[in-house]
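Please read the report below alongside the model.

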Amino acid sequence: MKLSTPKRAILQCAFLLAAALMIVCGINRGEQETVWNKAANICLECIGLG
Amino acid sequence: MNNAVRRKLIQLAAFGFTNTHIGNFAAGKLYTGKWKQFCNPGLHCYSCPAATLACPIGAMQAVAGSMQFNFSFYVVGFLLAVGVLLGRFVCGWICPFGLVQELFYKIPSHKCKLPKLFTYVKYGILILFVIVLPVTATNYMGMGQPAFCQYICPSGTLFGGIPMTATHPELRTTTGFLFGLKMGILLLTIIASVFVFRFFCKTLCPLGAIYGLLNKVSIHHLDVDKSACIQCGKCARTCKMDVNPVTSPRSAECIRCGACAAACPKQAIRLGFRNGSKKEEHHHENT
């Protein structure tokens, strides 16, 4: 499917708006704390031990 | 400075930025500061002692597999924003594991192309190992495992598994089948990367799959001036990702490395955020 330039621009704006809303929603739910908890401790699965 | 040198310098700078805690390698400890709540645009294991940021694929699975959540708005929103802005430019210019594979590809050997069918495997991995399994394969507490990290990710084995097991004798005693499987995948990836340009990016990387889909709408893109193109085919022959930029400038496989634009004898290909070819831009500047 080939998108015209104006249609692509509309999609880009819509996706960026959706992305911003999702990030705000995620922070509001405290997801970044879950990310930090996982990333700041040794992830046994990631290193092949879990 | 030509495009290839500029790209390599940016790749090295990005590698350095994502690995600022290099001193942690000796002690085998992780950086635990607040930067770890933010995701890296490229694939880089957060269990790497030097890692500054969180791996987005690992983070997505960790949130979706946690007891509180089944979906990560935070990580998906981040990937959507980065993907819409840059597409697979991230793969070509920022991803640390992409740089590692390119260095292995520099080893002199016979170079091969992969059948196109292999490039679809990464979408299956994204759906099954990153999206479905962490949410569905849960334990009695409702917690899922990061299946991609657990069974596949060679970046995690290289940057996390090897340094951590090397510095922690107690971890070495727990290595078993899984560690062997992941070492095997890492070895396969390294050997394949010597012969096939970015073997992992082409076939297995779920992050490349996400950014590849967003290449279709990304603001940073390749633009081809069809009126200036003389159909010499030099761009397609130059492309190590096996893309023909003239027929498919928004291919999901294009990592926006810019090699095609540099190779074009008519400056008909442009890489950037604006529309229009380099030649058109020069024409406007001169008039």
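The sections below go from the basis of the values to chain B and its parts.

## Basis of the values

This is a predicted model, in which local features need pLDDT of at least 70 and side-chain atom pairs count only at pLDDT 80 or more, while totals for chains, interfaces and linings use all residues. Residues are numbered from 1 along each chain as its sequence is written, chains are lettered from A and ligands numbered from 1 in the order in which they are written, and side-chain values use heavy atoms, with hydrogens and water left out.

## Chain B overall

Chain B contains 16 helices and 2 strands. Helices (H or I, at least four residues) and strands (E, at least two) are DSSP runs, numbered from the N terminus. The C-alpha trace spans about 65 × 40 × 35 Å along its principal axes.

Of the 287 residues of chain B, 56% are buried. Buried means under 20% relative accessible area, exposed means over 50%, and partly exposed lies in between (1.4 Å probe, protein chains only). Among contacts (heavy atoms within 4.5 Å) between residues at least 6 apart in sequence, 72% join residues at least 24 apart. Chain B exposes about 12400 Å², of which carbon and sulfur atoms supply 69%; the areas come from the Shrake-Rupley method with a 1.4 Å probe, and for residues only the protein chains shown count as cover.

Chain B carries 28 positive and 9 negative side chains, and the centres of the two sets are 7 Å apart. Lys and Arg count as positive and Asp and Glu as negative, while His and the chain ends are not counted. Each charge is placed at NZ of Lys, CZ of Arg, CG of Asp or CD of Glu.

## Helix H3

In helix H3 (residues 56-64) of chain B, 9 of the 9 residues are buried, so the helix is largely enclosed by the rest of the structure. Among them are Pro56(B), Gly58(B), Met60(B) and Gln61(B). The cover over H3(B) includes helix H2 (31-39) of chain A. From chain B, the cover includes helices H4 (73-86), H7 (121-136), H8 (147-151) and H13 (206-214).

His168(B) sits in the loop between helix H9 (154-167) and H10 of chain B, and at 14% relative accessibility His168(B) is buried. Beyond its neighbours within four places in sequence, His168(B) is in contact with Ala27(B) and Gly28(B). The His168(B) side chain reaches the backbone oxygen of Gly28(B) at 2.6 Å and makes a polar contact with the side chain of Glu170(B) at 3.0 Å. A polar contact is a pair of N or O atoms within 3.5 Å; within protein, one must be able to donate a hydrogen and the other to accept it, and residues adjacent in sequence count only if both atoms are side-chain atoms.

Thr174(B) lies in the loop between helix H10 (169-172) and helix H11 (177-195) of chain B. Thr174(B) is partly exposed, at 47% relative accessible area. A polar atom of the Thr174(B) side chain is 2.7 Å from the backbone oxygen of Leu171(B).

## Positive phi values

Most residues other than glycine have a negative phi. Gln231(B), however, has a phi near 55 degrees; Gln231(B) is in the loop between strand E1 (221-224) and helix H14 (234-238) and is exposed at 60% relative accessibility. Asp242(B) has a positive phi of about 60 degrees. Asp242(B) is in the loop between H14 and helix H15 (259-263), and is partly exposed at 34%.
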